[in-house]
Amino acid sequence: MSNSVEGRVVIVTGAGRGIGRSIAEGLAQAGARVVIADIAADTAETTAAEIREAGGQAIGLAVDVTDRASTRALIARTVAEHGRLDAMFNNAGIAQVKPFNDITEDDWHRVMDVNAMGVLIGIQEAARQFIAQGGGGKIVNTASIAGKQGYEPLAHYSASKFAVVALTQAAARAFGKHGICVNAICPGVVATDMWKLIDKGFKDEGLTSRDNEAFEGFSADILLGRPSRPEDLAGVSIFLASAGSDYMTGQSLVVDGGMVLL
């Protein structure tokens with residue numbers, strides 16, 4: 001089995017920055033035709049342009065992953081451009097720090113809508129396209145170490161990532177008969193803009209007293225001696241989009257440098 005993604009058509013949501021951007025860059029460097037999908041159209045196109053300048057194939061498109069019509073239009077535009085879809089990375093996500101008893105209904109719905117419902121819609125619409133093409137295809141969802149271990153100041157975020165793991169397992173059962181592989185990646189502490197916001201949230205809520213304290217605390221016991229960088233997720237992403245993972249489905253791969261799970 002080949003681990004090549006040469007020529008494969010891949011959508012990555014939330015790819016304007018952070019983990020999604022590095023996944024998209026890695027796939028493009030490996031020869032995939034990548035669609036950079038992001039809530040911000042200008043960010044998506046800027047990232048796509050930089051990938052093209054580096055010799056890769058990429059286009060940037062806007063998407064609101066909480067809106068089914070928007071996700072459906074994203075896939076339709078991709079197929080119109082490239083003739084098919086081979087892999088869908090449901091990566092877009094948000095985080096919020098709140099002490100457990102301070103989480104409101106609005107907080108809950110905002111995080112769950114993007115992180116869980118957005119993945120549900122992305123899985124469904126990608127699966128419909130794969131089935132229409134005759135079967136086969138790869139769906140990769142971005143969960144988190146917080147989908148394996150609940151964290152109190154991130155309870156609703158953790159719940160949303162547990163939901164991603166559950167959706168991954170359920171979708172693998174639903175679509176295996178069509179040859180569609182559904183897996184998830186569970187990153188640990190990754191040095192991204194999202195973690196800057198998480199760290200700020202800890203400080204704003206009075207849970208830490210200085211910048212980077214939460215980030216450093218969560219990173220302290222990583223066995224490989226450093227927090228993750230976004231590019232650390234590229235290799236496993238290429239594998240999950242390739243034929244090399246054709247007999248792998250329903251799995252949630254922890255890529256965290258050896259964080260200690262309690």
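Reader: Why does D86 count as buried?
Author: D86 has a relative accessibility of 13%, and buried means under 20% relative accessible area, exposed over 50% and partly exposed in between (1.4 Å probe, protein chains only), so D86 counts as buried. The model is predicted, so local features need pLDDT of at least 70 and side-chain atom pairs count only at pLDDT 80 or more, while totals for chains, interfaces and linings use all residues. Residues are numbered from 1 along each chain as its sequence is written, and side-chain values use heavy atoms, without hydrogens and water.

Reader: What makes D86 and R84 a salt bridge?
Author: Their closest N and O atoms are 2.7 Å apart; the definition asks for a side-chain nitrogen of Lys or Arg within 4 Å of a carboxyl oxygen of Asp or Glu, so the pair qualifies. R84 is partly exposed, with a relative accessible area of 35%.

Reader: Why is the contact of D193 with K196 called a salt bridge?
Author: The closest N and O atoms of D193 and K196 lie 3.8 Å apart, which means that the pair meets the cut-off. Both residues lie in helix 6 (residues 193-204), 3 residues apart, about one helical turn. K196 is exposed at 59% relative accessibility, whereas D193 is partly exposed at 37%.

Reader: How do you know that C181 and C186 form no disulfide?
Author: A disulfide needs two cysteine sulfur atoms within 2.5 Å. The sulfur of C181 is 17 Å from that of C186, its closest cysteine sulfur, so the two are too far apart for a bond. The structure holds 0 disulfides. C181 is buried at 6% relative accessible area, and C186 is buried at 0%.

Terms used. Helices (H or I, at least four residues) and strands (E, at least two) are DSSP runs, numbered from the N terminus.
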